[in-house]
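Let's learn to read a protein model together, one feature at a time. Take a look, and then we will talk it through.

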Amino acid sequence: MRRALGPEVGREISKTIRDSVSYGLDHREEALNYAMQFAREMDTELADKFVGMYVNNLTLSYGEKGKQAVKELIARGTKAGLLPGPPDVEFLKE
């Protein structure tokens, strides 16, 4: 998220995303049925596996290991010239 949005807006965006993922996890069949309209001829079983790779409990809270992974991704992107530097990452407190 961009710092220019400020911490309050950032927390609201984060909460909205977390609530959406949580709803999808709690209503997986309904969420998968919705996603299938964008699946481009993918069968339901494969789509379910694909969705499960990105919508899971780590999406809700990735912990310290996930934070380190984000920092590494940003650092590599900066080093490769794909992101502006310096590779400064700040996480919002909930």
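Q: In which helix is the place of Val9?
A: Val9 sits in helix H1, which covers residues 7–26. Helices (H or I, at least four residues) and strands (E, at least two) are DSSP runs, numbered from the N terminus. A word on the source: this is a predicted model, where local features need pLDDT of at least 70, side-chain atom pairs count only at pLDDT 80 or more, and totals for chains, interfaces and linings use all residues. Residues are numbered from 1 along each chain as its sequence is written, and side-chain values use heavy atoms, with hydrogens and water left out.

Q: Is Val9 buried, partly exposed or exposed?
A: Buried means under 20% relative accessible area, exposed over 50%, and partly exposed in between (1.4 Å probe, protein chains only). Val9 has 38% relative accessibility, so it counts as partly exposed.

Q: At what angle do H1 and H2 pack?
A: Axes are lines fitted to C-alpha atoms, for helices over the stretch in contact, and angles run from 0 to 180 degrees between N-to-C directions. For H1 and H2 (residues 28–35) the angle is about 105°, and the axes are 5 Å apart. H1 is therefore roughly perpendicular to H2. The cut-offs are under 35 degrees for roughly parallel, over 145 for roughly antiparallel, 65 to 115 for roughly perpendicular, and oblique for the rest.

Q: Which residues of H1 and H2 meet?
A: Contact means heavy atoms within 4.5 Å. Tyr23, Gly24, Leu25 and Asp26 of H1 meet Arg28, Glu30 and Ala31 of H2.

Q: How many salt bridges are there?
A: A salt bridge is a side-chain nitrogen of Lys or Arg within 4 Å of a carboxyl oxygen of Asp or Glu. By this rule there are five. One of them pairs Glu8 with Arg11, at 2.9 Å from N to O. Glu8 and Arg11 are three residues apart in helix H1, so about one helical turn separates them. Another links Asp48 and Arg28 at 2.8 Å, N to O. Asp48 lies in helix H3 (residues 44–54) and Arg28 in helix H2, so this pair ties together parts that are 20 residues apart in sequence.

Q: Which residues does Thr78 touch, leaving out those up to four places away in sequence?
A: Thr78 is in helix H5 and, at 16% relative accessibility, is buried. Its contacts on that count are Leu83, Pro84, Gly85, Pro86 and Pro87.

Q: What is there to notice about peptide bonds and phi angles?
A: Most peptide bonds are trans, and most residues other than glycine have a negative phi. In this model, a cis peptide bond joins Gly85 and Pro86, with omega about -10°. Arg40 has a positive phi near 50°, and Glu41 has a positive phi of about 65°. Arg40 is exposed at 78% relative accessible area, and Glu41 is exposed at 87%.
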